[in-house]
Amino acid sequence: MSNKGNNGNNGNHAANGEPVLRIRNLTKTYMQGKIPVHALNDVSFDVNKGELLSIVGPSGSGKSTLLSMIGLLDMPTDGSVFIDDVEITKAKESEAPRIRREKIGFVFQHFNLLSTLNAMENLDIAMRFSGVPKKKRKERAFELLTQVGLGDRVTHKPSELSGGQQQRVAIARAMANEPAILLADEPTGAVDTKTREVIVELLKGLSEKGQTIIVVTHDMEVAKQTNRIITMRDGKIAGDEYRKGVTENE
Ligand SMILES: Nc1ncnc2c1ncn2[C@@H]1O[C@H](COP(=O)(O)OP(=O)(O)OP(=O)(O)O)[C@@H](O)[C@H]1O
Ligand SMILES: [Mg+2]
């Protein structure tokens, strides 16, 4: 029904005029005692299918708040978020987990893998909640781990993997349910610079295959490699720069 299953349409990437995400007048005000904190202040933008977008800006500018509204982890004070034309900010609280599972893949700074499960099992459990049959889960887990270059590490537990390998498992897990949008908050924040390049290359490759990705980062070396940079300041968009050709391969 929706435009899921993006993988495999090689060459059809980036900014093809089909918004997957629409954000309209998004506002989030936290009350700090009696003082309002405007974490997001009337933010609007669209993201097209296959875009690799980075969000940068000083600490406290609203980046994580924005990501948590898109990922349905929190509700805005005002405004709307549409994913695949569904207004997710109108969803009932009871519907949020299902929408999150079907539409969003999360990648965090500290990987957040389940430490008692191996790589394969970490992916398996994400799909089990979505009701994917066992055989299919196994096939897809192996395919995704191979895609992130870990086909020979599928039975390793997180403690038996390097930081960069753990983050690659986390990215494979985030892709497991074919999300409309992959959200990553500081995905390279806890890895060395060489591993950072591996992670960025992986995200670029996924975006070239049609996966829409939003990366929050402090690291301009990461942002410079994405096709669009939104700069946040005081809860508002202070800049929105398209960087043509960054991930184009021909
Ligand atoms: N639960 C909360 N209650 C009150 N204020 C909050 C809450 N969460 C965030 N804020 C405030 O909202 C503003 C934006 O926070 P946010 O976490 O989105 O910033 P950020 O851009 O992600 O910063 P960083 O780069 O440090 O991660 C900050 O001023 C913060 O103090
Ligand atoms: Mg943050």
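First, the ground rules. Residues count from 1 along each chain as its sequence is written, and chains are lettered from A and ligands numbered from 1 in the order in which they are written. The model is predicted, so to speak of a local feature I need pLDDT of at least 70, side-chain atom pairs count only at pLDDT 80 or more, and totals for chains, interfaces and linings use all residues.

Some terms. Helices (H or I, at least four residues) and strands (E, at least two) are DSSP runs, numbered from the N terminus. Two strands pair if DSSP finds at least two bridges between them.

Let's take the six-stranded sheet. It is open, its order is β6-β7-β8-β3-β9-β10, and the pairing is mixed. Which strands stand at the edges? They are β6, residues 104-107, and β10. Each has a single partner strand, so one side of each is left without a neighbour in the sheet. Neighbouring strands are turned by 20° against each other on average, direction ignored. For angles, axes are lines fitted to C-alpha atoms, for helices over the stretch in contact, and the values run from 0 to 180 degrees between N-to-C directions.

Now the pairings. Strand β3, residues 52-56, runs parallel to β9, and four bridges join them. Ile 55 stands opposite Ile 230 in β9. On to β9 and β10, residues 228-233 and 236-242: these run antiparallel, with six bridges. Arg 228 faces Tyr 242 in β10, standing opposite it. The two strands form a hairpin with two residues between them. In the turn, Asp 234 has a positive phi of about 50°.

Contact means C-beta atoms, placed from the backbone, within 7 Å. Helix α5 lies across β6 and β7 (181-185), running at about 170° to β6. Helix α6, residues 193-208, packs on the sheet and touches β3 and β8 (212-216). The direction of α6 makes about 150° with that of β8.

Next, the four-stranded sheet. It is open, in the order β2-β1-β4-β5, with antiparallel pairing. The edges are β2 (35-48) and β5 (86-87), each with a single partner strand, so one side of each is left without a neighbour in the sheet. Strand β4, residues 78-83, is joined to β5 by two bridges. Phe 82 stands opposite Glu 87 in β5.

One residue in β2 to look at: Val 47. Is Val 47 buried or exposed? Val 47 counts as buried, because it has 22 C-beta neighbours inside 10 Å. The cut-offs: 20 or more other C-beta atoms within 10 Å is buried, 12 or fewer is exposed, and in between is partly exposed, with C-beta atoms placed from the backbone. Leaving out residues up to four places away in sequence, Val 47 touches Pro 19, Val 20, Leu 21, Leu 53, Thr 212 and Ile 214.

Now helix against helix. The axes of α3 (residues 119-128) and α5 come within 9 Å and cross at roughly 25°. They are therefore roughly parallel to each other. Ala 119, Asn 122, Leu 123 and Ala 126 of α3 meet Val 169, Ala 172 and Arg 173 of α5. The α3 and α4 axes (α4 is residues 134-147) also come within 9 Å, but cross at roughly 125°. That pair is therefore oblique. The classes: under 35 degrees is roughly parallel, over 145 roughly antiparallel, 65 to 115 roughly perpendicular, and the rest oblique. Among the contact residues are Met 120 and Met 127 of α3, and Leu 144 and Leu 145 of α4.

Helix α1, residues 63-70, is mostly covered, with six of its eight residues buried. Those are Lys 63, Thr 65, Leu 66, Leu 67, Met 69 and Ile 70. After α1 comes Leu 72, whose phi is positive, near 60°.

Last, the core. A nonpolar core is a set of buried Ala, Val, Leu, Ile, Met, Phe, Trp, Tyr and Cys residues joined through C-beta atoms within 7 Å. The largest one has 61 residues. Leu 123, Leu 145, Ala 172, Ile 181 and Ile 213 have the most contacts inside it. Which helix gives the most to this core? Helix α5, residues 163-175, with six residues. As for Ile 181, its contacts include Val 20, Ile 70, Ile 104 and Ile 214, not counting residues up to four places away in sequence.

Terms used:
Contact = placed C-beta atoms within 7 Å.
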